[in-house]
Amino acid sequence: MNPTLVTTADGSHSLYIAELSEHYHSVHGAIQESEHVFIGAGLEAVSSRIPYLHLLEMGFGTGLNAFLTYLACLNNPARHVYYTALEAYPIDTQTALQLNYTNRLNAHAHAPVFEAMHQCAWNSPVAVTPNFTLTKLCTTIQEATLPTNAFHLIYFDAFAPSAQPELWTATVFEKMYQALLPDGLLTTYCAKGEVKRTLRNVGFTVQSLPGPIGKREMTRAMKPA
Ligand SMILES: C[S@@+](CC[C@H](N)C(=O)[O-])C[C@H]1O[C@@H](n2cnc3c(N)ncnc32)[C@H](O)[C@@H]1O
């Protein structure tokens, strides 16, 4: 798969995969979508008092969610983030370095961190800063072996069910459920009824929340205590 760089409505870049007719983010704004779905409805819903935050991302892609998470945690220096990201088809470094996120976020001083997130080794933990440890696992979610009761939060950022139905199944969500700690949250931009039903069948408590610009709703699921 060979992604093309595109600019979304808020001026931030995304990637487009012609083979799947899929964008990595909303065309209404990549940054606005990620901030709304993953930071606002996910990270900010987890207690800021948790000192060691364990987070799992399905689909590292451009690294936007990891970078936004790093930036959001800068004002909480007592917190250490352990960020594990699954990615089956990593983008090349040349493409990653063209992405305009540090500019659009006015985070020029943190550009070395964004670059380190892309250039660091796969399949082992790397302290990209003293407070942010990134473990990028180059694997499919179907093949990944994940720890049980390990994560406070999951960013479920797969391509849409219409493009990759095999990633929105009870088997995959059961794996997410097992990986979450009790009270843990899973957030996704997807609001399809069938996806919510599957999440409920696996045992999650499911909430529909207002979506980002261009989308009426999104979904947040909680593993009951
Ligand atoms: C919607 S994009 C989101 C990427 C990322 N969160 C971002 O902000 O750029 C979905 C990502 O899932 C990855 N992916 C596709 N199939 C996968 C699979 N079976 N297992 C793991 N990752 C997969 C894609 O390569 C892509 O990077």
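Modeller: Happy to. Three strands make up an open sheet in the order S1-S2-S3, and their pairing is antiparallel. At its edges are strand S1 (4–7) and strand S3 (22–23), each of which pairs on one side only. Please keep in mind that this is a predicted model.

Threonine 4 has tyrosine 16 of S2 as its bridge partner, and valine 6 stands opposite serine 14 in S2. The two strands form a hairpin, with 5 residues between them. In that turn, glycine 11 has a positive phi of about 90°.

On to the other side of S2. Here S2 and S3 pair in the antiparallel sense over 2 bridges.

How enclosed is S2? Of its 5 residues, 4 are buried, so S2 is largely enclosed by the rest of the structure.

S2 also leads us to helix H1, because S2 is included in what covers the buried residues of that helix, along with H2, helix H4 (101–104), S8, S9 and S11. H1 is mostly covered, with 8 of its 11 residues buried. Those buried residues are Ala30, Ile31, Gln32, Glu33, Ser34, Val37, Phe38 and Ile39.

H1 (residues 30–40) then takes us to the other sheet: the helix lies across strand S8 (151–156), strand S9 (180–188), S10 and strand S11 (217–222), running at about 165° to S9. That sheet is open and has 8 strands in the order S6-S7-S5-S4-S8-S9-S11-S10, with mixed pairing. Strand S6 (126–129) and strand S10 (205–210) are at its edges with a single partner strand each, so one side of each has no neighbour in the sheet. On average, neighbouring strands of this sheet are turned by 25° against each other, direction ignored.

Helix H2 (residues 64–72) lies across S4, S5, S6, strand S7 (132–137) and S8, at about 175° to S5. Under that helix, strand S4 (residues 52–58) and strand S5 (residues 80–86) pair in the parallel sense over 7 bridges. One of the pairs there is histidine 54 with tyrosine 82 in S5.

Histidine 80 is also in S5. With a relative accessible area of 14%, histidine 80 is buried. Its side chain makes a polar contact of 2.8 Å with the side chain of threonine 133. Beyond its neighbours within four places in sequence, histidine 80 is in contact with Pro51, Tyr52, Leu53, Pro130, Asn131, Phe132 and Thr133.

Finally, the ligand. It is surrounded by 21 residues, of which the closest are His25, Gly59, Thr62, Glu87 and Asp157. A nitrogen atom of the ligand is 2.6 Å from an N or O atom in the side chain of aspartate 157. For isoleucine 141, a backbone N or O atom lies 2.9 Å from a ligand nitrogen atom, while for asparagine 65 an N or O atom in the side chain is 3.4 Å from a nitrogen atom of the ligand. The protein covers 98% of the 590 Å² of accessible area that the ligand has on its own.

Notes
Residues are numbered from 1 along each chain as its sequence is written. This is a predicted model: local features need pLDDT of at least 70, side-chain atom pairs count only at pLDDT 80 or more; totals for chains, interfaces and linings use all residues. Side-chain values use heavy atoms; hydrogens and water are left out. Two strands pair if DSSP finds at least two bridges between them. Axes are lines fitted to C-alpha atoms, for helices over the stretch in contact, and angles run from 0 to 180 degrees between N-to-C directions. Contact means heavy atoms within 4.5 Å. A residue is near a molecule or strand if one of its heavy atoms lies within 4 Å of it. A polar contact is a pair of N or O atoms within 3.5 Å; within protein, one must be able to donate a hydrogen and the other to accept it, and residues adjacent in sequence count only if both atoms are side-chain atoms. Accessible areas come from the Shrake-Rupley method with a 1.4 Å probe; for residues, only the protein chains shown count as cover. Buried means under 20% relative accessible area, exposed over 50%, partly exposed in between (1.4 Å probe, protein chains only).
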